[in-house]
Each structure stands twice: as C-alpha cells, then as structure tokens.
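This briefing goes through one protein model by topic. Please keep the sequence and the coordinates at hand while reading.

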Amino acid sequence: MRGEYKVRGGKLVSVDVETDGEVITSARVFGDFFLEPDDALEDIDAALVGQAVGTSAADLAAAVTRRLEGRTVPVRLIGFDARAVAVAVRRALGRATSWDDLTFDVIPPVVLPPVMHVALDEVLPHEVASGARRPLLRIWDWDSPLVVIGSFQSVRNEIDPEGAARHGIGVVRRITGGGAMFMEAGNCITYSLVVPSSLVEGLSFEDAYAYLDDWVMGALAEIGVRARYVPLNDIASEEGKIGGAAQRRFADGVVLHHVTMAYDIDAEKMGEVLRIGKEKLSDKGTRSAAKRVDPMRSQTGMSRGAIIEVFLDHFRGRYATVDSTYTDAELAAARELVATKFGTPEWTGRVP
C-alpha cells in the first residue's frame with residue numbers, strides 16, 4: 001500500500017508499506033526530500049516496522065524521531081519531517097485521506113440573512129459526518145449587515161452598542177474562534193469548507209489552516225495577488241492582511257474551516273461599530289479608520305462576483321466536484337437553530 005504527503009513549501013514524502021493485518025511488516029520511505037546522512041533512511045524505515053496499523057500519526061512521528069535521535073551522528077531532515085512520514089504512512093494504511101480521495105459538493109453564492117450562514121456552519125458539518133452530504137465548499141452571500149463575533153469574544157469588548165444601533169447592525173456569535181467579521185452586502189468574500197478530519201490527520205493546527213487554504217492561494221495567484229499564510233490563521237499579501245480563517249473540529253469526524261477576506265469595507269463605519277484599536281487596524285491595510293479596507297478590490301481591479309467565480313473555477317479545476325445547493329431540510333434546520341440558538345441573547349451574550 002502506498003501513501004503520499006506533500007509538505008507545504010517543502011518536499012514530497014512517499015511510503016510503501018506491507019502489513020499482516022495487525023502490524024506494519026515492511027516500510028520503504030522515499031521522495032524528493034534531502035536527508036543527511038543518507039543512511040538515516042534505513043532508520044526511518046526500521047522505526048515504522050512493528051508499529052500497529054492503528055497507531056496514530058503522532059505516535060508514528062514520535063517513533064521515527066526517537067530512532068533518529070538514538071543515532072550517534074545528528075540527522076538533518078530537509079524539506080520534510082517525521083510528521084510528514086507519519087501522515088504518508090496513515091494514508092497508505094487508509095487511516096488518512098488526501099484531496100484526491102474526495103469529491104466535493106460546491107455551493108455557489110445564495111443570498112440569505114447572514115445569521116443563516118452562521119447556522120448552516122453548524123448544520124452542514126453534521127450532514128457531512130452522517131454521510132448525507134459529500135465534503136463541501138460553499139460561498140456565503142447576504143443582503144443585510146451583521147457583525148459575526150468569534151465564539152470566545154466578549155460582546156462588550158468588541159462592539160460599540162451606540163455605533164451598532166446607529167447603523168442598524170446586529171451581532172451574532174458563531175461556533176468558531178477568532179475575531180469579529182464586519183459584514184455588509186458586498187463588502188467581503190466568505191467561504192466555508194467542510195472536510196473529514198482524516199484530511200488533516202497528523203497535521204498541527206497551524207499546518208491544518210495553511211493546508212486547507214492551499215487551493216485559495218492558487219486562486220489568488222490567478223487574479224494577481226501574491227498571498228502567503230501568516231501563522232496562525234491570517235492570509236496576507238505584500239500590501240497587508242487580506243483575511244483570516246477559523247476552524248472547528250467536531251467529535252463526529254469532520255472539520256469546519258471558513259475564511260473571510262476583505263473586498264471593500266467601509267472602515268469608518270467599521271470603526272464606529274467595532275472597538276478597533278490602532279493595533280488591530282495596523283494589519284488591515286489602513287492607517288486611518290476614515291479610509292476603506294479594500295485589499296481585494298484595489299489589488300485586482302475586479303468585481304467581487306468575478307473574484308468569486310475565479311475561486312470556484314479554480315477549486316473545480318483542482319478537485320473532483322459536483323455543483324449543489326442547500327436542501328429544504330438543511331435550510332429548515334438552520335432556521336430552527338436561528339430561533340433557538342444563534343438568534344437568542346443567551347447565545348450571543350454568553351461571553352458578556
């Protein structure tokens with residue numbers, strides 16, 4: 001059985017393994033990486049032999065590390081690490097998946113109240129986990145203003161109630177961590193990705209963020225934006241921050257990953273609604289709250305709709321996809337969650 005893992009910004013690691021059904025009986029690691037001294041490759045192979053087929057990626061990586069640290073001459077792994085070997089092994093054993101193993105539902109923009117999108121981020125992961133849906137990518141679209149705060153943010157610390165009331169902007173709390181999303185019609189681009197946890201098997205939280213957004217880096221390059229990931233969860237260009245990501249890992253084996261990118265935000269209004277200090281503004285591409293935060297519009301000269309189409313086409317060209325839309329049952333479940341959870345003061349104010 002063969003498994004492969006491409007280190008982001010690094011090299012390809014491949015492994016051929018054989019088992020007797022319970023333990024690994026043979027392992028051969030290879031790839032375009034660098035290793036010094038070269039005979040350490042035999043130690044990597046040997047560290048894998050005898051490991052139970054159900055051994056976690058973390059424990060496989062630890063076994064490889066222990067074996068290499070036991071050598072008298074220090075070993076240098078260049079372009080890969082023990083964790084990359086472990087992920088490749090887990091994929092070979094069928095315990096982890098790669099992008100090529102999956103077919104994705106793609107849901108283009110559907111205009112809904114923004115609180116419905118917050119609710120769908122709870123509904124859809126359970127649909128994927130139950131097998132009712134494929135893994136999916138969906139683009140948000142909305143017709144009314146809203147501030148979506150992170151799961152652990154304080155309402156009082158983030159929101160100026162007088163400014164929010166003056167501009168008619170409500171507040172909703174989402175299920176993922178991270179910072180506030182200032183959402184008016186057409187001012188940003190938000191997408192949600194729901195994948196099986198096995199896709200990020202063995203990856204650290206930091207690596208998982210970058211791994212799940214690798215496709216959008218390619219899409220940004222297509223529209224002329226040279227973007228990079230800034231740990232833990234920010235996407236930035238040479239002109240400053242473009243957007244941020246957030247994640248939630250569910251116990252039933254799926255990961256929700258979503259990203260919001262600024263397209264053309266009224267920073268003056270945002271500064272009246274959010275309690276934004278100079279430190280927060282410093283990475284948003286503006287020195288004054290009177291200016292607009294518009295990295296996607298100014299750097300590309302493209303309409304928001306055109307950028308979204310490039311994103312969707314790039315994703316479709318890169319992975320196996322099926323065009324889809326929300327079902328009546330999913331929308332009904334989301335409306336119920338709005339009524340019982342996301343639209344209630346108890347949930348929004350759970351961190352006052």
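In what sense do strand 13 and strand 14 (residues 240–249) pair, and over how many bridges? Strand 13 and strand 14 are antiparallel and pair over 4 bridges. The model is predicted: local features need pLDDT of at least 70, side-chain atom pairs count only at pLDDT 80 or more, and totals for chains, interfaces and linings use all residues. Residues are numbered from 1 along each chain as its sequence is written, and side-chain values use heavy atoms, with hydrogens and water left out.

- Strands (E, at least two residues) and helices (H or I, at least four) are DSSP runs numbered from the N terminus, and two strands pair if DSSP finds at least two bridges between them.
- Strand 12 (residues 227–230) runs antiparallel to strand 13 (residues 234–237), and 4 bridges join them; Tyr-229 stands opposite Ile-235 in strand 13.
- The hairpin of strand 12 and strand 13 has 3 residues between the strands.
- Leu-232 is in the loop between strand 12 and strand 13, and the peptide bond from Pro-231 to Leu-232 is cis, with omega near 5 degrees.
- Strand 13 and strand 14 also form a hairpin, with 2 residues between them; here Ala-236 stands opposite Lys-241 in strand 14.
- Strand 14 and strand 15 (residues 254–262) run antiparallel and are joined by 7 bridges, with Val-255 in strand 15 as the bridge partner of Arg-249.
- In the hairpin of strand 14 and strand 15, 4 residues lie between the strands, and Gly-253 in the turn has a positive phi of about 95 degrees.

- An open sheet is formed by 3 strands in the order 1-2-3, with antiparallel pairing.
- Strand 1 and strand 3 (24–31) are at the edges and have a single partner strand each, so one side of each is without a neighbour in the sheet.
- From one strand to the next, the twist averages 20 degrees (axes are lines fitted to C-alpha atoms, and angles run from 0 to 180 degrees between N-to-C directions).
- Strand 2 (residues 12–19) pairs with strand 3 over 7 bridges in the antiparallel sense; Phe-30 in strand 3 is the bridge partner of Ser-14.

**Second largest pocket**

- The second largest pocket has a volume of about 440 Å³.
- On a 1 Å grid over the protein atoms alone, a pocket is an open set of points where a 1.4 Å probe fits, with protein on both sides within 12 Å along at least five of seven lines; lining residues have an atom within 4 Å of a point.
- Of its 19 lining residues, Glu-4, Lys-6, Arg-91, Ser-98 and Tyr-211 are the closest to the centre of the second largest pocket.
- Strand 1 (residues 2–6) gives the largest share of this lining, 5 residues.
- The lining divides into 9 charged, 7 nonpolar and 3 polar residues.
- The second largest pocket lies between domain 1 (2–93) and domain 2 (99–349), because both give residues to its lining; the domain bounds come from an automatic or database domain assignment.

**Salt bridges and the region of Glu-36**

- The whole structure has 25 salt bridges (a side-chain nitrogen of Lys or Arg within 4 Å of a carboxyl oxygen of Asp or Glu).
- One of them joins Arg-76 and Glu-36, with the closest N and O atoms 3.6 Å apart.
- This pair links distant parts of the chain, 40 residues apart: Arg-76 is in strand 5 (residues 76–78) and Glu-36 in strand 4 (residues 34–36).
- The peptide bond from Glu-36 to Pro-37 is cis, with omega near -10 degrees; Pro-37 is in the loop between strand 4 and helix 1 (40–48).

Methods
Grid points are joined across faces, edges and corners, and a volume is the space filled by probe spheres set on the points. Ala, Val, Leu, Ile, Met, Phe, Trp, Tyr, Cys and Pro count as nonpolar, Asp, Glu, Lys and Arg as charged, and the others, Gly among them, as polar.
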